[in-house]
Amino acid sequence: MSKLGELMPVEAVSRLKLPEELISYFTKSSRIQNYLYRDALEDVEEIFALYSSLYEIDNAQFSYLSIQALERATSLSSFYPYIKTIMESSLEKSKRKEDFIFIKKDKFERLREGAIKELISLVDLMYVGKEVDIRKVDVLFGQALFSLNIDNDPYIEELLSSATKVMNDYMNSDKSDGISKEVKIVN
């Protein structure tokens, strides 16, 4: 047994709560097998739990830094402070996960397209003087404005400008429910 303790069996390595890339490397590489010390891997797992719960981190970079730390380790008593220092100084971290909203681009585009089509349909009805649910128009207008703030699409900007004119005319007609008499785009 070395200063770093006993080696962890490969089967046990695959059950660690670490990035898939790192587990894959640990289980497939024969070169790293001599560095898979139980206590050191538990420290790596602990560090990963800490950083991944507090920050958005790059799993590939975490994996690379972990491999380097394992290969350079000389004693168990200094391993945890050593790997923590490496991660603190080298790992790129961004704000907490809760600060972000992630949506796939195709889903965003489908939602935007649906809202735009429905808004156009309702604005067309307003233009010809038909009664519409102004609250629904307001929600769709807000969705279109939200998407404009995300991607600055000139088509949506023009659509909202035209829709604003039609909505103002409609609100001043006798078809309106009288909630508001003027529509403005506020960014």
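Student: Leaving aside neighbours within four places in sequence, which residues is Leu 18 in contact with?
Tutor: Leu 18 is in contact, meaning heavy atoms within 4.5 Å, with Ile 23, Phe 26, Val 44, Glu 45, Phe 48 and Phe 62. The model is predicted: local features need pLDDT of at least 70, side-chain atom pairs count only at pLDDT 80 or more, and totals for chains, interfaces and linings use all residues. Residues are numbered from 1 along each chain as its sequence is written, and side-chain values use heavy atoms, without hydrogens and water.

Student: How many residues does the largest nonpolar core have?
Tutor: That core has 30 residues, and Leu 18, Phe 26 and Phe 62 have the most contacts inside it. A nonpolar core is a set of buried Ala, Val, Leu, Ile, Met, Phe, Trp, Tyr and Cys residues joined through side-chain atoms within 4.5 Å. Buried means under 20% relative accessible area, exposed over 50%, and partly exposed in between (1.4 Å probe, protein chains only).

Student: And what about a second core?
Tutor: A separate core of 22 residues includes Leu 119, Val 137, Leu 140 and Met 171.

Student: Changing topic, how many aromatic pairs are there?
Tutor: The structure holds two. In one of them, the ring centres of Tyr 51 and Tyr 55 are 6.1 Å apart and the planes are at 25°, so this pair is stacked. Rings of Phe, Tyr and Trp (its six-membered ring) pair if their centres lie within 6.5 Å; planes under 30 degrees apart count as stacked, over 60 as edge-to-face and the rest as tilted.

Student: Is Tyr 51 buried or exposed?
Tutor: Tyr 51 is buried, at 2% relative accessibility, whereas Tyr 55 is partly exposed at 28% relative accessible area.
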